[in-house]
Amino acid sequence: FMGKIGLYSSFHQHSKSHRSRHRQRQQQQQPVASSVTLHGHRWQRHMFHLRQRFFMILAFVPIIVAMLIAGSRIHDFWHHPADVLAGSLIGGVCGWFAYSLWYPPVWDTRFPGIPYQTIEEQQHPHRAV
């Protein structure tokens, strides 16, 4: 009956055009949403690099403090420069040896700062430790 009087066809055409307009609006808004996501990704990457720089600086603080103490010992004539140099070398070698017992080398890009035990557990999860 509605088809005979033309109400159905006009309603059908209206709903079709409404859906196409809605689809066009969604397509126009989509790049905005992706740019927000991209901006968020950039912000996360920026924060990661800031955090990485902070920890890099934090890692050098003990070395700088040790150098200042060594310099003050030499300046105050408490130690001879050769004694300070030998102590620095011995401390550096012992520190490197202690680190290498538990962690892979610093320049290893596969497992940066992850203990050997954790790496072993990840590679062999069913093995009892």
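**Figure 1. Confidence along the chain of the predicted model.** Where pLDDT is low, the predicted coordinates should not be read in detail. The chain averages a pLDDT of 76, with 66% of the residues scoring at least 70.

Residues are numbered from 1 along each chain as its sequence is written, and side-chain values use heavy atoms, with hydrogens and water left out. In this predicted model, local features need pLDDT of at least 70 and side-chain atom pairs count only at pLDDT 80 or more, while totals for chains, interfaces and linings use all residues.

**Figure 2. The aromatic pairs.** The whole structure holds two aromatic pairs. Rings of Phe, Tyr and Trp (its six-membered ring) pair if their centres lie within 6.5 Å; planes under 30 degrees apart count as stacked, over 60 as edge-to-face and the rest as tilted. Phe54 and Phe55 form an edge-to-face pair, 5.4 Å centre to centre with 65° between the planes. The pair of Tyr99 and Tyr103 is stacked, because the ring centres are 5.0 Å apart and the planes lie at 15°. Phe54 is partly exposed at 49% relative accessibility, and Tyr103 is partly exposed at 28% (buried is under 20% relative accessible area, exposed over 50%, partly exposed in between; 1.4 Å probe, protein chains only).

**Figure 3. Ile119 in helix H4 (residues 116-123).** Ile119 has 7% relative accessibility, so this residue counts as buried. Leaving aside residues up to four places away in sequence, Ile119 touches Pro104, Phe111 and Ile114. Tyr103 is 16 residues from Ile119 along the chain, and their C-alpha atoms are separated by 9.6 Å.

**Figure 4. Residues lining the largest pocket.** The lining consists of Met56, Tyr99, Val106, Pro112 and Gly113. A pocket is an open set of points, on a 1 Å grid over the protein atoms alone, where a 1.4 Å probe fits, with protein on both sides within 12 Å along at least five of seven lines; lining residues have an atom within 4 Å of a point.

Terms used: pLDDT = per-residue confidence, 0-100. Helix = DSSP H or I, 4+ residues; strand = E, 2+ residues; numbered from the N terminus. Contact = heavy atoms within 4.5 Å.
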